[in-house]
Amino acid sequence: MKRVLLTFAALAAVTAAAPAMADEALAKAKNCMACHAVDKKLVGPAYKDVAKKRAGDAGAVDLLAGRIMKGSSGVYGPVPMPPNANVNADEAKKLATWVMSLK
């Protein structure tokens with residue numbers, strides 16, 4: 001019985017981590033990680049800083065998804081974020097949701 005409970009606990013942990021890992025993989029595949037990192041500023045802000053700045057904002061996911069697709073400037077300094085033409089609307093929403101899930 002103990003072995004079964006441990007197996008379920010391990011499976012639950014892997015399942016809970018899978019969406020975050022999958023969306024980080026999407027960020028890598030769409031070249032987002034060339035300018036951003038999860039926890040440190042590169043060319044653009046750290047994803048955790050973006051999540052912190054937008055915490056509590058009900059429209060944050062839609063706002064970020066739009067910025068991913070259309071680009072932005074002046075939000076985190078003088079370097080503009082170009083639009084990512086390789087990301088469709090569904091992918092932009094997934095990426096934005098993932099960013100907002102980071103603590």
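The model is predicted, so local features require pLDDT of at least 70 and side-chain atom pairs count only at pLDDT 80 or more, whereas totals for chains, interfaces and linings use all residues. Residues are numbered from 1 along each chain as its sequence is written, and side-chain values use heavy atoms, with hydrogens and water left out.

**Exercise 1. Overall description**

Determine how many helices and strands the protein chain has, and what share of its residues is buried.

Step 1. Helices (H or I, at least four residues) and strands (E, at least two) are taken as DSSP runs, numbered from the N terminus. The protein chain has 4 helices and 0 strands, and its elements run α-α-α-α from the N terminus on.

Step 2. A residue is buried under 20% relative accessible area, exposed over 50%, and partly exposed in between (1.4 Å probe, protein chains only). By this criterion, 29% of the 103 residues of the protein chain are buried.

Step 3. Accessible areas come from the Shrake-Rupley method with a 1.4 Å probe; for residues, only the protein chains shown count as cover. The accessible surface of the protein chain is about 6800 Å², and 64% of this belongs to carbon and sulfur atoms.

Step 4. A contact means heavy atoms within 4.5 Å. Among the contacts in the protein chain with a separation of 6 or more, 49% involve residues 24 or more positions apart.

**Exercise 2. The two sides of helix H3**

Identify which residues of helix H3 are buried, and which are exposed on the other side.

Step 1. Helix H3 spans residues 60-70, and its buried residues are Ala60, Leu64, Ala65 and Ile68. Viewed down the axis of H3, these residues fall within an arc of 130°, so they line one face of the helix. The arc is that of the directions from the helix axis to the C-beta atoms.

Step 2. The buried residues of H3 pack against helix H2 (47-54) and helix H4 (89-101). On the other side of H3, Asp62 and Lys70 are exposed.

Step 3. Just after H3, Gly71 adopts a positive phi of about 85°.

**Exercise 3. A nonpolar surface patch**

State which residues form a nonpolar patch on the surface.

Step 1. Patches consist of residues with over 30% relative accessible area and no salt bridge; like charges are joined within 9 Å, and nonpolar side chains (Val, Leu, Ile, Met, Phe, Trp, Tyr) within 5 Å.

Step 2. Leu42, Val43 and Val79 form such a patch, with about 240 Å² of accessible area together. Leu42 lies in the loop between helix H1 (2-29) and H2, and it counts as partly exposed at 37% relative accessibility.

**Exercise 4. Salt bridges**

Find how many salt bridges the structure holds, and describe each pair.

Step 1. A salt bridge requires a side-chain nitrogen of Lys or Arg within 4 Å of a carboxyl oxygen of Asp or Glu. The structure holds 3 salt bridges.

Step 2. Lys28 and Glu24 form a salt bridge with an N to O distance of 3.9 Å. The two residues are 4 residues apart in helix H1, and therefore separated by about one helical turn.

Step 3. Lys30 pairs with Glu91, the closest N and O atoms being 3.4 Å apart. This pair links distant parts of the chain, since Lys30 is in the loop between H1 and H2 and Glu91 is in helix H4, 61 residues apart. Both Lys30 and Glu91 are buried, Glu91 at 18% relative accessibility.

Step 4. Asp62 and Lys93 form a salt bridge at 2.7 Å, N to O. Asp62 lies in helix H3 and Lys93 in helix H4, so the pair ties together parts 31 residues apart in sequence. Asp62 is exposed at 51%, while Lys93 is partly exposed at 40%.

**Exercise 5. Cysteines**

Step 1. Cys32 is buried, with a relative accessible area of 13%, whereas Cys35 is partly exposed, with 33%.
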